[in-house]
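Trainee: Could you help me learn to read a helix and a disulfide in a protein model?
Mentor: Happy to, let's look together.

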Amino acid sequence: MNFRLSLIVSAAMLAAAPQAIAQDRTAFEQQAREIYRNVVEIRSARGHEKVPEVVDYIVGELKAAGFAGEDIQITDYDATGEATQGLIVWYRAEGEPSEAPIVLLAHMDVVDALAEDWVRDPYKLTEEEGYFFGRGTADNKYGVTSLVATFIRLKEEGFVPTRDLVMVLSGDEETGMVSTRAQANYVHETIKPAFILNADAGGLSLGPDGEPLIYGVQGAEKTYATFELTVTNPGGHSSAPRKDNAIYELADALKNIQAYKFPVRSSELTRASLEAGGRQRLDKLGNAMRAFAADPTDENAIEILRDDPSTVGTIGTTCIATMLRGGHAENALPQSATATVNCRIFPGVGIEATEQTLKDVVANEDVKFKLISDLVESPESGLREDVLGALNAALEERGVDVPVVPHMSSGGTDGMHYRNLGYDTYGVGGSAAKSNDTYAHGLNERLPVDSFYDGLDHFHVMLKELAGPDE
Ligand SMILES: [Zn+2]
């Protein structure tokens, strides 16, 4: 109740919101909820080919609100064997735009959910116990809803942006990112935005009592890279063992990787994030987070952060064995052995340098390396003053007074493809959640109802700040 109440009674809001506007807002909230319900209830997961239904529905809503057909582009994609679509919608400036466009991202697909495993039907929007339940209520149908509803709201208010606003919705973010890659290239060649805002990351963190603690902006993602390490051998009969053995050699290589610690890395962004995270907890780990933020050479702090799964990835690259196969018969010497090693590479280090480090660590030329994931390097986006200002204005409108803290995530949103092309990309979603509300990809995904309604103002304020006439 607390921060919704503080929003309602905030003196600034009362002064700015006479009764008539309050009624409009209610109508808008109902409209947004209806959009949310419709998109959540379409099973746009792999194997169902229903992203086009989401596109069709959204396009209908946008056209009804006055968006011209020529400003709506639907593209078909063959996403690793199945059909999906991407949607790009222009909210155009009138006359000569003041600045380069802003691109806004969200994704329309979801990770599939099986009704028999859930307490409620995952493809029905259910409001219960102060939450909206359903697949995509958080990841990322909420992002889609907040962008679409905000475009409609601004249009209905007669808002004319001073620069083009371009909404780019992808259709296979959770699987192959075929649509994402194609859209990112299109944006790069044709739209050339000033920067990118992603509704699929970032948001308010709430404490156990529901009080907002910090607003996290996703400003960086680690680079995802997977290698296969293979040792081959002539093999032979197991009754006559050779000195060299593919399984033993591979095991030695993996033990070397296990023992190796990648150099400690930090950036302004990761230090700010550790400092803010550390302030929220008063235990040994929290103290180490703050100590590292103050002095990234503090050996004691490094040791503690390295030992904790929640922080080890924030202070450098990690590479870890995830799969193993080898040999072909119980009485034959192995002719080959292969391990899969997954790396999360700190921004700026690079895939090639990481591969070289692993080769040096393994120190055996018989171990052959093969990169099996796509190459997507994702440099860090330094926080821009204008984006920070717009975020602070949005939080103020919501009656929330908390620090805005950039953070790095482990990798995997549409944003990394845009950073890869050189665009500053910020995860600035409007939702608010406690750490135990995070059910993305999992069972019984949910979003607090208050967070849904409060977050609707989020992009509305931000876009007016970033693309509205100077007041
Ligand atoms: Zn997502």
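Trainee: Which residues of helix 6 are buried?
Mentor: Keep in mind that this model is predicted. In helix 6, the buried residues are Ser179, Thr180, Gln183, Ala184, Val187 and Ile191. Around the axis they cover an arc of only 130°, so they lie on the same side of helix 6.

Trainee: How can I check the length of helix 6?
Mentor: Count 1.5 Å a residue: the 14 residues, 178-191, should span 20 Å. The end C-alpha atoms of helix 6 are 19 Å apart, which agrees. Now look just after helix 6, where Lys192 takes a positive phi of about 45°.

Trainee: And the disulfide? How many does a search of the whole structure find?
Mentor: The general idea is that a disulfide is a covalent bond between the sulfur atoms of two cysteines. Here the search finds 1. Cys319 and Cys343 form it, with their sulfur atoms 2.1 Å apart. This pair links distant parts of the chain, 24 residues apart: Cys319 sits in strand 12 (residues 318-326) and Cys343 in strand 14 (residues 336-345).

Trainee: Are Cys319 and Cys343 buried or exposed?
Mentor: Both Cys319 and Cys343 are buried.

Trainee: What is the handedness of the disulfide, right-handed or left-handed?
Mentor: Look at the torsion about the S-S bond of Cys319 and Cys343: it is about 110°, so the disulfide is right-handed.

Conventions: Residues are numbered from 1 along each chain as its sequence is written. This is a predicted model: local features need pLDDT of at least 70, side-chain atom pairs count only at pLDDT 80 or more; totals for chains, interfaces and linings use all residues. Side-chain values use heavy atoms; hydrogens and water are left out. Helices (H or I, at least four residues) and strands (E, at least two) are DSSP runs, numbered from the N terminus. The expected span of a helix is 1.5 Å times one less than its number of residues. Buried means under 20% relative accessible area, exposed over 50%, partly exposed in between (1.4 Å probe, protein chains only). The arc is that of the directions from the helix axis to the C-beta atoms. A disulfide is a pair of cysteine sulfur atoms within 2.5 Å.
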